[in-house]
Amino acid sequence: VTRNQLDEAGERLLYAGLRRYWHPVMLADELSDAPRAVTLLGGRVVVVRLGGTVVALRDLCIHRGSALSVGKVIDGDKLQCAYHGWTYDQEGRCLRIPARPGMSIPAKARVQRYDAAEHVGLIWVCLEGPPAMPLPEFPEYGDPAYHVIRIPTYDWRCGAARRLENFVDVAHLPFLHEGVLGDPRRPEVPRYQVTRDANTLKFAAGLEVQPGNPYKRDDQDSSELVPREPIHYTIQMPFTVHLAQPLPDGKRYTLFMTACPVTEKLTRTFSFGGRNYDKDPGRDAEYVDYQHVILEQDRMVVETQRPEELPVDLAAELHIGQVDRASVDYRKWLAEIARSARQQDRKAPQTAAR
Amino acid sequence: MMQTIAGRPPGSNELDTSGEARLYFAMRHFWHPVMSSADLGDEPAAATLLGERLVLARLDGAPRCFPDLCVHRGSALSMGWIEDGQLRCRYHGWTYGPDGVCTSIPARFGGVIPNRARIRSYLAAERYGLVWVCHRPSLTGVPEVAGGGGQGARRPGTGRPGRSGCRPQKGGDR
């Protein structure tokens with residue numbers, strides 16, 4: 001026994017099901033006029049702007065399997081393979097095979113195209129469209145009442161659902177973030193309700209008290225405990241969370257985090273912070289630094305979790321009544337995604353091998 | 001003509017992998033040294049034995065050994081700390097006693113600890129300046145060294161007495 005039991009078949013189904021959802025793959029402003037390679041759900045994808053549109057293709061030239069991401073954009077709207085110069089359009093159709101200029105292009109000469117979108121400062125890809133859910137919402141993005149900052153992207157050696165569950169978990173704050181977000185003398189999590197709608201799980205949860213001044217590091221005595229409003233969490237399936245912390249005097253601090261399942265055991269997280277107060281950009285570094293402190297504490301433990309994947313089978317780990325309510329509801333939803341993949345497999349067995 | 005194993009062509013020495021797996025499983029019935037006594041202080045320590053991640057901790061004065069896996073969320077208990085003779089998980093603060101039974105779930109406002117809230121405990125012992133672990137009911141004792149070497153044995157090279165050799169505790173391997 002090196003880890004809690006993992007239902008391997010169930011996990012495979014989940015990862016098949018996740019192909020039908022939008023996932024963030026990179027920051028939009030990191031995609032200029034050159035193609036970029038990303039990995040999503042274990043598969044290599046090339047992302048490129050062609051004719052002003054974001055295009056995502058399988059990163060594999062149909063001719064010799066070379067990566068199209070090391071190719072280049074020509075005429076502003078076509079992607080040319082670096083190896084033999086085969087040239088593809090936005091749909092992934094090969095338009096030109098330079099070694100045989102007169103030859104008609106075979107219909108098979110095309111690469112798999114995926115759905116791609118640019119949204120809230122990120123590039124999103126869905127490997128098997130149409131997407132099962134719309135792109136997640138980030139209401140503060142573009143709202144002039146809020147100052148939105150980027151938190152540096154980070155990679156953790158864990159499954160994306162492990163990363164999400166850590167983000168929405170209140171019970172760990174007093175121990176893992178002692179003196180920052182909680183205090184071990186007051187570790188109890190008050191009862192909370194989870195509401196499910198078409199695409200989200202919503203709940204307001206939190207500890208009754210926390211140290212000093214939330215979301216700001218300062219020299220205050222961390223042993224001083226102050227009352228705290230519950231945090232409003234919105235999980236947008238499968239791997240996005242919007243968090244809002246109400247503060248006194250109408251202040252509101254929000255976080256938007258969205259996790260890319262690079263592989264089953266590697267997660268890249270993109271996140272932004274938004275605040276309707278203290279909007280001087282000169283103060284941003286302090287907020288970023290504060291996040292960094294918390295994230296390093298989380299990473300240290302989350303990367304030890306075994307299995308690295310979040311077990312879809314609820315019985316694999318032990319859940320505590322009210323406290324783990326959100327986690328249990330989230331795992332049940334992931335299990336539904338896995339089941340829907342199984343039904344799809346029955347309908348279209350030829351796609352199962354991908 | 002040369003013999004082949006399971007139809008494979010002769011080449012390098014062949015490993016009978018299922019036989020190896022059985023051998024390694026059988027090894028769980030024997031005592032193995034996992035670390036120097038001196039490396040197990042007041043903090044939990046991680047070790048790997050036969051491919052399994054273990055946590056070692058001195059609880060109630062004796063070395064204890066468990067799978068390095070909190071039953072709640074699978075996090076490594078070796079990241080935690082020892083508090084009042086209990087091993088505390090760093091993630092959510094659950095504590096485990098010397099027998100691996102969970103004694104505290106801090107996030108709740110009191111209540112009964114569920115029966116499932118326990119981790120297995122393996123046999124652990126300290127001899128010759130080393131910490132020894134055996135997963136299963138042992139077939140043998142900790143290997144004997146001629147001239148004694150149990151209680152009060154000197155650790156090689158240090159000239160200092162080793163920590164007292166303790167008897168393996170019973171009741172492990174649930």
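Author: Start with the lining of the second largest cavity: by class it has seven nonpolar, one polar and three charged residues. The model is a predicted one. This second cavity has a volume of about 90 Å³. Its lining includes A:Glu165, A:Val168, A:Asp169, A:Val170 and A:Ala171. A:Val189 and A:Tyr192 also line the second largest cavity, as do A:Val323, A:Asp324, A:Ala326 and A:Ser327.

A:Glu317 bonds to A:Arg162 in a salt bridge, with the closest N and O atoms 2.8 Å apart. A:Glu317 sits in the loop between H4 and helix H5 (325-347) of chain A, and A:Arg162 sits in helix H2 of chain A, so the bridge ties together parts 155 residues apart in sequence. Is this pair buried or exposed? A:Glu317 has a relative accessible area of 1%, so it is buried. A:Arg162 has 2%, so it is buried too.

A second bridge joins A:Arg196 and A:Glu336, again with the closest N and O atoms 2.8 Å apart. This pair also links distant parts of the chain: A:Arg196 is in strand S12 (residues 194-196) of chain A, and A:Glu336 is in helix H5 of chain A, 140 residues apart. Here the accessibility is 42% for A:Arg196, so that residue counts as partly exposed. A:Glu336 is at 31% and therefore partly exposed. A:Arg196 has another contact: its charged end sits over the ring of A:Trp333, 3.7 Å from the ring centre.

A:Glu286 has a relative accessible area of 29%, so it is partly exposed. A:Arg283, at 23%, is partly exposed. Now the network: salt bridges with shared partners join A:Arg162, A:Glu165, A:Glu317, A:Asp324, A:Arg331 and B:Arg73. Over all chains, the structure holds 34 salt bridges.

Next, the largest cavity. It holds about 210 Å³ of space. Its lining counts 18 residues, and those closest to the centre are A:Phe167, A:Leu173, A:Leu181, A:Leu243 and A:Ile294. Which elements of chain A each supply at least two lining residues? They are helix H2 (160-167), strand S16 (231-236) and helix H4 (284-302). H4(A) gives the largest share, four residues. By class, this lining has 10 nonpolar, four polar and four charged residues. In total there are six cavities of 30 Å³ or more.

In one, the rings of A:Phe138 and A:Phe256 have centres 4.5 Å apart and planes at 10 degrees, so they are stacked. A:Phe138 lies in the loop between strand S10 (122-126) and strand S11 (147-156) of chain A, and A:Phe256 lies in strand S18 (residues 252-263) of chain A, 118 residues apart. Both A:Phe138 and A:Phe256 are buried. In another pair, the rings of A:Phe203 and A:Tyr233 have centres 5.0 Å apart and planes at 25 degrees, so these are stacked as well. A:Phe203 is in strand S13 (residues 200-205) and A:Tyr233 in strand S16, both of chain A, 30 residues apart. A:Phe203 is buried at 4% relative accessible area, and A:Tyr233 is buried at 3%. Ring pairs also link A:Phe138, A:Tyr141, A:Phe256 and A:Phe272 into a cluster.

Definitions and conventions: Residues are numbered from 1 along each chain as its sequence is written. Chains are lettered from A and ligands numbered from 1 in the order in which they are written. This is a predicted model: local features need pLDDT of at least 70, side-chain atom pairs count only at pLDDT 80 or more; totals for chains, interfaces and linings use all residues. Side-chain values use heavy atoms; hydrogens and water are left out. On a 1 Å grid over the protein atoms alone, a cavity is a set of points where a 1.4 Å probe fits but cannot get out, and a pocket is an open set with protein on both sides within 12 Å along at least five of seven lines; lining residues have an atom within 4 Å of a point. Grid points are joined across faces, edges and corners, and a volume is the space filled by probe spheres set on the points. Ala, Val, Leu, Ile, Met, Phe, Trp, Tyr, Cys and Pro count as nonpolar, Asp, Glu, Lys and Arg as charged, and the others, Gly among them, as polar. Rings of Phe, Tyr and Trp (its six-membered ring) pair if their centres lie within 6.5 Å; planes under 30 degrees apart count as stacked, over 60 as edge-to-face and the rest as tilted. Buried means under 20% relative accessible area, exposed over 50%, partly exposed in between (1.4 Å probe, protein chains only). A charge sits over a ring if NZ of Lys or CZ of Arg is within 6 Å of the ring centre and within 35 degrees of the ring normal. A salt bridge is a side-chain nitrogen of Lys or Arg within 4 Å of a carboxyl oxygen of Asp or Glu.
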